[in-house]
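Here is a short briefing to read alongside the model. Take a moment to look over the sequence and the fold, and then let's walk through a few spots together.

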Amino acid sequence: MSQLQVRHDWKREEIEALFALPMNDLLFKAHSLHREVYDPNEVQISRLLSIKTGACPEDCKYCPQSARYDTGLEKERLLAMETVLTEARSAKAAGASRFCMGAAWRNPKEKDMPYLKQMVQEVKALGMETCMTLGMLSEDQANDLAGAGLDYYNHNLDTSPEYYGDVITTRTYQNRLDTLTNVRASGMKVCSGGIVGMGEKATDRAGLLQQLANLPQHPDSVPINMLVKVAGTPFEKLDDLDPLEFVRTIAVARILMPLSRVRLSAGRENMSDELQAMCFFAGANSIFYGCKLLTTANPEESDDMGLFRRLGLRPEQGPMAKLEEETAVLAKAVAYQDKSSAAFYDAAAL
């Protein structure tokens, strides 16, 4: 009998009860639901590129891009179009079906909107899905990006409403929910998840998933990040989260949001192959592919493809064959990004 139910009325105690299940029971339930909707051996691959790095005015305590913390990060201006397109072409050649572009902003400035819309159109012309994360969006900005053809917009809730103030003070939880409302109303797909391992309690992980699962429409993509502790940020010395608690979070996300993509995001660089395999079994079916996620490390492409082969997994789209050769194309693209002014976009020149 089908177990598939799509609900938007989850109570906190119901979710905490799922977290408390014996691991075998939880994994069986999550994996069974996963198989009803998705091919369990197929993983959607996205590539994430920082199109504008550093100097963010927000005070997110986990983020090396905040201007408030000294993390040694070199700030950069908005990348030039050809730099972005070179990365997008390489991502497609390596098997990525979606290209995600992130800028370290509180919100995009109006002067940059025409350029951002052009960027969306140019990447889409390569035959890829597009995603952006630019901070908060007004209703008009969301409509503009949707009109340009942007497929997904990422805006994470990060944690539970109760713990949020211990992580960020420069924007409210409602600010985040308002952006998600604007994105959904524009017709774009929503990408929204959170970060675990930030010193939160188990009930906060349940609270984060409750907020996502009780949205009027579930996020199309749900990235679950493990905190990457960066020197210079307030969270650099937090204790590590038990890896099995991370697996539980993936499994409960799959149960609560059975039609959503659940993505293994930041933190995979420090995850064992065995832990990632458990996450895929628990219902994760999307990853960020490439050696860098915005400013933090990610597994090498060859490592990911080696793990895929060992587990019998395959990308949702894109070639599996000759990926070692195609990785060389990516390496050339990364080398292409020098520090010359030609690599960046100058809004003042318009």
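**A look around the model**

Leu78 is a buried residue, with a relative accessibility of 5%. Its place is in the loop that links strand S1 (42-52) to helix H3 (81-93). Please keep in mind that this is a predicted model.

**Overall picture**
- The protein has 350 residues, and 57% of them are buried.
- Its secondary structure amounts to 11 helices and 12 strands.
- Among contacts with a separation of 6 or more, 76% join residues 24 or more positions apart.

**Two loop residues**
- Leu78 sits 34 residues from Asp112 along the chain, and 9.2 Å separates the C-alpha atoms of the two.
- Asp158 belongs to the loop between strand S4 (152-154) and helix H6 (173-186).
- Is Asp158 buried or exposed? With 2% relative accessibility, Asp158 is buried.
- The backbone of Asp158 deserves a glance too, as its phi is positive, near 75°, although the residue is not glycine. Most residues other than glycine have a negative phi.

- Which residues of helix H5 (residues 139-148) are buried? They are Gln141, Ala142, Leu145 and Ala148.
- These four residues lie on the same side of H5, because the arc they cover around the axis is only 125°. In an α-helix there are 3.6 residues a turn, so residues three or four places apart point the same way.
- Glu139, Asp140 and Gly147 are exposed, and they are carried by the face of H5 that is turned away from the buried side.
- What do the buried residues of H5 pack against? Their partners are helix H4 (113-124), strand S3 (129-133), S4 and H6.

- Arg261 is found in strand S8 (residues 261-264).
- Although Arg261 has a charged side chain, it counts as buried, at 13% relative accessibility.
- Setting aside neighbours within four places in sequence, Arg261 has contacts with Tyr38, Gln44, Asp220, Ser221, Val222, Arg254, Asn285, Ser286 and Glu316.
- Pro223 is 38 residues from Arg261 in sequence, while the C-alpha atoms of the pair are 8.2 Å apart.

**Cysteines**
- How many disulfides does the structure hold? The count is 0.
- Cys63 takes part in no disulfide, and the nearest cysteine sulfur, in Cys60, is 5.9 Å away. Cys63 is buried, at a relative accessible area of 19%.

Note on methods. Residues are numbered from 1 along each chain as its sequence is written. This is a predicted model: local features need pLDDT of at least 70, side-chain atom pairs count only at pLDDT 80 or more; totals for chains, interfaces and linings use all residues. Side-chain values use heavy atoms; hydrogens and water are left out. A disulfide is a pair of cysteine sulfur atoms within 2.5 Å. Buried means under 20% relative accessible area, exposed over 50%, partly exposed in between (1.4 Å probe, protein chains only). The arc is that of the directions from the helix axis to the C-beta atoms. Contact means heavy atoms within 4.5 Å.
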